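Work through the exercises below with the sequence and the three-dimensional view side by side. Each task is followed by a solution that goes step by step.

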Amino acid sequence: MSDYLHPLRFGSFITPSAAIPQLPVDRALLSEELGLDLVTFQDHPYQAQFLDTWTLLSVVAARTERIHVSGNVLNLPLRQPAVLARSLASLDLLSGGRAELGIGTGGYFEAIASMGAPLLAIPDAVGGLDDALDIIRGIWDTADPTPLHAGGKYHHVTGVQRGPTPAHRIPIWVGAYKPRMQGIIGRKGDGWLPSLPWMKQGDVERGNEVIDKAARKAGRDPREITRMMNITPQYHAEALAELATDHGVSVFIVATDDPAELRRFAQVTAPAIRSRVEQARRRSGSPTTAPAPAAPAGPAAAAAPASPEAPARSFRDDPIPDALVPRVLLPGDRGYARYTSSYFRGARPGVVIRPETPDEVQEAVRFAARHRDVPLGLFSGGHGLSGRSLNTGGIVIALDALNAITLGSGNRVRVEPGARWGEVAQALAPHGLAITSGDYGGVGVGGLATAAGIGWFVRERGLTIDYLRSVDIVTADGELVHASAEENSDLFWAVRGAGANFGVVVSFEFEAHPVSEQVGFAMLLFAPDDVAAFLEGWGTTIEGSHPTVTGSLMISPGSPGSTAVQALIVVDSSDPETVIERLQPFAALAPLANQSVQMVPYAALLEVPPEGDQHGRGEPRSHSGLVRHLSADVARVLTDLLAAESSFILSIRSAGGAAANLPAEATAYGWRDANFVIAMLGGRGDQMARRWAELVPLLEGMYLSFETDTGPDVVARAFPPGNLQRLRALKAVWDPTGLFRDNFYIAPEHESADHASELEPADQASATTEPAAGAAR
């Protein structure tokens, strides 16, 4: 056996004694204070001298802030799997992703029988666990919209609802000592959690062999499975380090209630183990922490199902550079869960690199370039719609730590990619400035500022990229390049509309524009009798409005004659009378079911959501396109689309106006004459596909930030032909081997379209997700 190269973690195993009820809580608080990663409690609810473990876990999770909590191990015969799954998910949500599942069947059958259950009714330990894991995984698998049918002879559910969705992918650790149970770990579990004092010589080696063999037979990489160990204080660091380097144990949990022993373990033993293991790994040429992506196990894995093509690898042949090791997050690490969800899509990266300086971004790009066989995501810090900034089984370079906003001389503003547009609006508001940008404050600067940026001021001010003056970008060779109209002007041209294909922008320089102290914001709810006529009238009214007026429609399918249309309109004027005057033409379009008009600061329109508000678990579905006018033909096809029997939201956003002040070839984004962006969020099935296909011939280009389909044909619709030809030529110069390929890949001019299609990630559609109005980039 050998080191599985998992990150080392340390925890405590506290007795849930009822004699002094506060004592186990105090020991948990001490564990967190000492910097331990995990606090666990045994589960013997039939013993009167113990507190109920589940209640204790809830109290500890509420009293702590960082440490993870788990049973060690929860008694499956007394915890029905479906109820247990929902309890874990609830605790995980309430604790911010800090609940873990240690589970076992134990030797407690007689004790259970003493509580009134006949021995014949007690499940077989192996069969019961096998069934239970399928049920638990299935309850958490909310990406699947169908009712859950799972289990077998000992536990089963038929047609139950799934959910709630945990805050992170909860690992399932199994306490097992016999080969049949260990085989289940290999097939379906995430971790092996035995107790060292109960083990005989050779038991660790034999257990690992059984788990590894079962994993390989199930098509899993054995390195996905964490090896854990309950220990007692008398074990020395040297012996425990050998368990890590020789047998792959990476989580050590000390069983003691003595505060002095807890301190000694956290402050002396654990650092000594870590030091010995890191030295051994360096001597062997292995990384000191290995990003071994743990693919979900079982038939219905929680969070994002791993793509069959996503390789499980540990980067053993290429250690992460020392400078990046402190910036690396692996599955199970604190903070890793943030990168398992975009707004709609679930993910499970093999390794997340979170650089804090441009130099570290360069190192991260060079590292990614050496691992071209796995996906590469660039995450700027916002929510995203397609979710392509994240992935399963690959590398994610997360830029959210690069989030500075600096106001320079004049109206120049330097913004790093990890800032969110709501934060930018708040920072500029005291200076009477703004940068037109999207319509949602949670969008990351990096994603929108390299796409186009269609926001509330588009008709008056143009696109976000029109206010971009320069960028600092790390290119595919790991070099930091400055690009502007005067320096590397071709690259600067490409970044403004196709930036994700050309590198990692680490800073943007914008020229901010003045903004009114307050703007008018109207929310109107229309109940049109004739939807097609309303849409055509809306288009004419918007196009004829003052440039300070920008509006969006949000429409959900309804029964004939009952479609409700929500309109959001911004008027850039601080004069209420002017606002009302410019809104008046809209009131005549159709009967109003509700209306609200307010004067608000621009920054209030871009409210910044709380960190960690993204809980996507499925595969989003969205299409987009642009039109110059909402013509009768366009309105007719959109009305037919709204009559489809599916769940989706249709949005129609204002564009055009000042965006058309520049020619199409001025930037990589070229659809400047289009007055409207149409996007459909959600919606599945053949009927939806046919009706959207009827709309496509009427469209002129698309807005990639609202599109989830991929492939060369999608990219060909995203850019005017001349712009795309120039982009392919520039791709051959700046990224000839296609390192940046996972976000609408533009093939270099020397590469065939067929090969480009092979490199573009496959669409992993698995379930319909219900998008929220106004939530898209």
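**Exercise 1. Describe the open sheet of 5 strands and what lies across it.**

Step 1. The strands of this open sheet follow the order β16-β17-β21-β19-β20, and their pairing is antiparallel; helices (H or I, at least four residues) and strands (E, at least two) are DSSP runs numbered from the N terminus, and two strands pair if DSSP finds at least two bridges between them. Because β16 (405–407) and β20 (480–484) have a single partner strand each, they stand at the edges, and one side of each is left without a neighbour in the sheet. Neighbouring strands are turned by 15° against each other on average, direction ignored, where axes are lines fitted to C-alpha atoms, for helices over the stretch in contact, and angles run from 0 to 180 degrees between N-to-C directions.

The model is predicted, so local features need pLDDT of at least 70 and side-chain atom pairs count only at pLDDT 80 or more, while totals for chains, interfaces and linings use all residues. Residues are numbered from 1 along each chain as its sequence is written, and side-chain values use heavy atoms, with hydrogens and water left out.

Step 2. Turn to β21 (residues 504–511), which pairs with β19 (residues 468–474) in the antiparallel sense over 6 bridges, and with β17 in the antiparallel sense over 4 bridges. Within β21, Val505 is the bridge partner of Ile473, while Glu509 stands opposite Arg414 and also opposite Ser470. Since 6 of the 8 residues of β21 are buried, this strand is largely enclosed by the rest of the structure; buried means under 20% relative accessible area, exposed over 50%, and partly exposed in between, with a 1.4 Å probe and protein chains only.

Step 3. Helix α11 (residues 421–428) lies across β16, β17 (412–415) and β21 and runs at about 30° to β16, whereas helix α14 (residues 489–498) lies across β19, β20 and β21 and runs at about 100° to β19.

**Exercise 2. Which residues of helix α18 are buried, and what covers them?**

Step 1. In α18 (residues 632–642) the buried residues are Val634, Ala635, Val637, Leu638, Leu641 and Leu642. They cover an arc of only 165° around the axis, which puts them on the same side of α18; the arc is that of the directions from the helix axis to the C-beta atoms.

Step 2. The cover over these residues includes α15 (531–544), β24 (549–555), β27 (622–627), β28 (648–654), β29 (676–682) and α19 (686–695).

Conventions
Contact = heavy atoms within 4.5 Å.
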